[in-house]
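Have the sequence and the 3D view ready, and keep them beside you as you read.

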Amino acid sequence: MSESETKAEKALLHGCLKQDREAQRKLYQLYYGYAMSICVRYSRDAEEAREVLNDGFLKVFTRLSQYDPDKPFKGWVRRIMINTALDNYRHNLKHYHLYDIETAHPAADTFNIEQQLSYQDLIGLVQGLSPAYRAVFNLFVLDGYTHEEISEALGIAVGTSKSNLAKARANLREALKKADINECKQNV
């Protein structure tokens, strides 16, 4: 981040600490895309991702006094968005419909389809996972958590975390195979 961007961000943060609505709006706009990219990975659809995002920004604004200015603000926002998404997952777990492994979306190991998939396609495949598989997959693969950290964050056993990751990967492989088959059918 350039020096002028850093000064502008500090000015926005200072304004947010004073409850300046315009500063809050600008900070929200500045970090919307980044925060949404995190929230969408943990949510089943765009609507739920927006709810998580807004809850996360509410926490950002109400807890801004706890932010350490010596550390990157972007990392602090990331941590809040991940934790908010995990809170949402835990809160809504009883409402999610969990699928048996045999009835879950299929997965696959193909070379061509992986190169042709867009970011949105990949996010769609990850969102097709059950909430438990999706949370563990995102935390381990995309956010770099260890199984021990995942276990603590989600309140599950380490073995369950490892099992959910293996099943999530298998489901994604099957979904990629199915996507490749559907792609081939469209070209015939």
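## Where to be careful

Over residues 107-114, pLDDT stays under 50; pLDDT is the predictor's confidence in each residue, from 0 to 100. The model still has 28 contacts beyond four places in sequence for this stretch, a contact being heavy atoms within 4.5 Å. Where pLDDT is low, the predicted coordinates should not be read in detail.

For the chain, mean pLDDT is 84, and 80% of its residues reach 70 or more. This is a predicted model, so local features need pLDDT of at least 70 and side-chain atom pairs count only at 80 or more, while totals for chains, interfaces and linings use all residues. Residues are numbered from 1 along each chain as its sequence is written, and side-chain values use heavy atoms, with hydrogens and water left out.

## The fold

What is the chain built from? It has nine helices and zero strands (DSSP runs, H or I of at least four residues for helices and E of at least two for strands, numbered from the N terminus).

Buried residues, meaning under 20% relative accessible area with a 1.4 Å probe and protein chains only, make up 40% of the 188 in the chain. Of the contacts between residues at least 6 apart in sequence, 70% join residues at least 24 apart.

## A look at helix α3

Helix α3 covers residues 46-62, and its 17 residues should span 24 Å at 1.5 Å a residue (1.5 Å times one less than the number of residues). Its end C-alpha atoms are 24 Å apart, which agrees.

At the start of α3, a side-chain oxygen of D45 comes within 3.3 Å of the backbone nitrogen of E47. Buried residues in α3 include V52, L53, F57 and V60, and E48 and K59 are buried there too.

Notes:
Buried < 20%, exposed > 50% of the residue type's maximum accessible area, 1.4 Å probe, protein only. Polar contact = N/O pair within 3.5 Å; in protein donor to acceptor, adjacent residues only side chain to side chain.
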